[in-house]
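Please look through the sequence and the structure below before reading on. The paragraphs that follow go from one part of the chain to another.

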Amino acid sequence: MKEIEKKMNGEIKRLTNQTFKFDERIREGWFSAVYFLKTRDIVESTLPDNYITMQFFQKDDAVLCGTDEAIALIHTFADHPEELEIHSLKDGDRVKPFETVLTITGPYQYFGYLEGIIDGILSRRTSVSTNVYNVVKAARASGKQKPVIFMGDRDDHYTQQAGDGYAAYIGGSTAQATHAMNEWWGKEGMGTMPHALIQMFQGDIVAAAKAYHKQFPNDELTALVDYNNDVITDSLKVAREFGDELKGVRVDTSRALVDKYFLRNQHLMGTFDPRGVNPELIFALRKALDAEGFQHVKIVVSGGFTEERIRDFEKLKVPVDIYGVGSSLLKMNTSFTGDNVMINGKPEAKDGRRYRPNPRLEKVEYYNPED
């Protein structure tokens with residue numbers, strides 16, 4: 001059983017290192033800025049009896065993610081973690097600019113060298129979860145929630161897929177491209193065919209779809225239909241071949257291309273940008289499918305979609321059923337800062353920073369997953 005299931009069942013309150021599987025070199029300081037390591041050594045030899053409060057915040061409206069991971073980090077690598085006092089919000093909480101999301105109180109030498117790593121965890125996970133949340137929100141602007149597939153594998157370093165997939169889940173994406181993206185929270189990745197499969201069949205979309213369906217008969221068949229830059233023609237070819245067995249078509253036309261439908265119907269052009277996956281192409285595709293009785297075939301679009309672009313599609317009521325989104329969800333738009341704001345119970349911080357108590361914070365109990 002995944003830890004996320006235990007958490008949802010109320011058996012544990014937070015995910016632990018059983019999920020995150022941290023690199024053991026963290027304990028050696030390998031990933032910490034050297035000045036934190038030097039400060040730890042100075043404090044340990046000179047001021048060992050001081051205890052401080054470290055506080056974390058960021059500067060935007062955001063969907064918080066990374067708190068379980070940060071707390072697990074502390075519980076795994078801090079000295080005497082059971083003696084630290086931690087208060088935190090939860091993954092998925094909506095947070096305001098400058099709102100305190102996490103505080104740690106205890107001797108600096110126990111945990112101070114982890115500050116930068118905690119900042120990085122919170123910054124990356126919250127950036128992804130917030131980006132996904134905003135895209136998912138945009139995808140329901142027309143009044144119906146449309147699924148968002150997280151397709152960030154080609155825009156991300158593979159080692160980040162599990163954490164980014166979890167952050168995307170926190171943001172509202174429940175369909176993701178790789179098994180790794182599902183590692184912390186889900187079961188398996190989802191997907192049908194890439195352009196590479198169609199290329200192997202020399203552009204014959206029907207032959208590629210037949211091979212796919214034969215190999216994976218239990219999958220819902222969704223055909224990728226932009227390989228020949230003739231979306232409507234190829235969609236109708238596979239729809240006629242498979243009928244009710246065809247569940248969807250995916251359009252991923254390059255922004256550098258104009259679909260052949262418009263080249264055949266140049267009288268339609270002149271009032272819109274005909275490149276890539278544009279509203280007029282999707283309207284025409286839906287009309288063509290419906291005209292031949294294929295109303296059941298869903299339309300999936302991908303290729304350069306952003307929150308703004310999805311909002312534009314939804315405002316126009318473009319007949320999209322599912323959005324596939326990648327690179328825009330991985331932009332780092334949120335940056336966390338950790339500050340020492342109290343020492344021995346008294347306020348002490350650099351100018352411009354101060355202790356900001358937050359009544360929403362919950363006390364975190366020490367949990368050793370090996371107990």
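In this predicted model, strand E11, made of residues 322–325, is covered on both faces. Ile322 and Gly324 are buried on one side, and Tyr323 and Val325 are buried on the other. Strand E6 (residues 148–150) is joined to E11 by 3 bridges, and the two run parallel. Within that pairing, Ile149 has Gly324 of E11 as its bridge partner. Strand E10 (residues 298–302) also runs parallel to E11 and is joined to E11 by 3 bridges. Here Val300 has Ile322 of E11 as its bridge partner.

Another part of the model holds an open sheet of 6 strands with antiparallel pairing, in the order E13-E12-E1-E5-E3-E14. Its edge strands are E13 (346–347) and E14 (362–364), each of which pairs on one side only. E14 is joined to strand E3 (residues 85–88) by 3 bridges, and these two strands run antiparallel. One of the links is between Ser88 and its bridge partner in E14, Glu362. Helix H4 (residues 67–77) packs on this sheet and touches E3, E5 (102–106) and E14. The direction of H4 makes about 175° with that of E3. Helix H6 (residues 115–138) lies across E1 (52–57), E5 and E12 (337–343), and runs at about 25° to E1.

Next comes the nonpolar interior. In soluble globular proteins, nonpolar side chains tend to be buried together. The largest nonpolar core in this model has 100 residues, and Leu102, Ile118 and Val238 have the most contacts inside it. Helix H6 gives the most to this core, with 9 residues. If neighbours within four places in sequence are left aside, the contacts of Val238 include Ile205, Val206 and Ala209, as well as Leu246 and Val249.

At the N-terminal end, H9 is capped by Asp204, which has a side-chain oxygen 3.2 Å from the backbone nitrogen of Val206.

Two residues in loops complete the tour. Glu99 and Phe57 are 42 residues apart in sequence, yet 5.8 Å apart in space, C-alpha to C-alpha. A polar atom of the Glu99 side chain lies 2.9 Å from the backbone nitrogen of Lys96. Ala256 is found in the loop between strand E9 (246–251) and helix H11 (260–264). Ala256 has a relative accessible area of 67%, so it is exposed, which requires a value over 50%. Ala256 and Lys21 are 235 residues apart in sequence and 42 Å apart in space, C-alpha to C-alpha.

Technical notes:
Residues numbered from 1 in each chain as written. Predicted model: local features only at pLDDT ≥ 70, side-chain atom pairs only at ≥ 80, totals over all residues. Heavy atoms only, no water. Polar contact = N/O pair within 3.5 Å; in protein donor to acceptor, adjacent residues only side chain to side chain. Helix = DSSP H or I, 4+ residues; strand = E, 2+ residues; numbered from the N terminus. Buried < 20%, exposed > 50% of the residue type's maximum accessible area, 1.4 Å probe, protein only. Pairing = 2+ DSSP bridges. Contact = heavy atoms within 4.5 Å. Axes fitted to C-alpha atoms, helices over the stretch in contact; angles between N-to-C directions. Core = buried A, V, L, I, M, F, W, Y, C linked by side-chain atoms within 4.5 Å.
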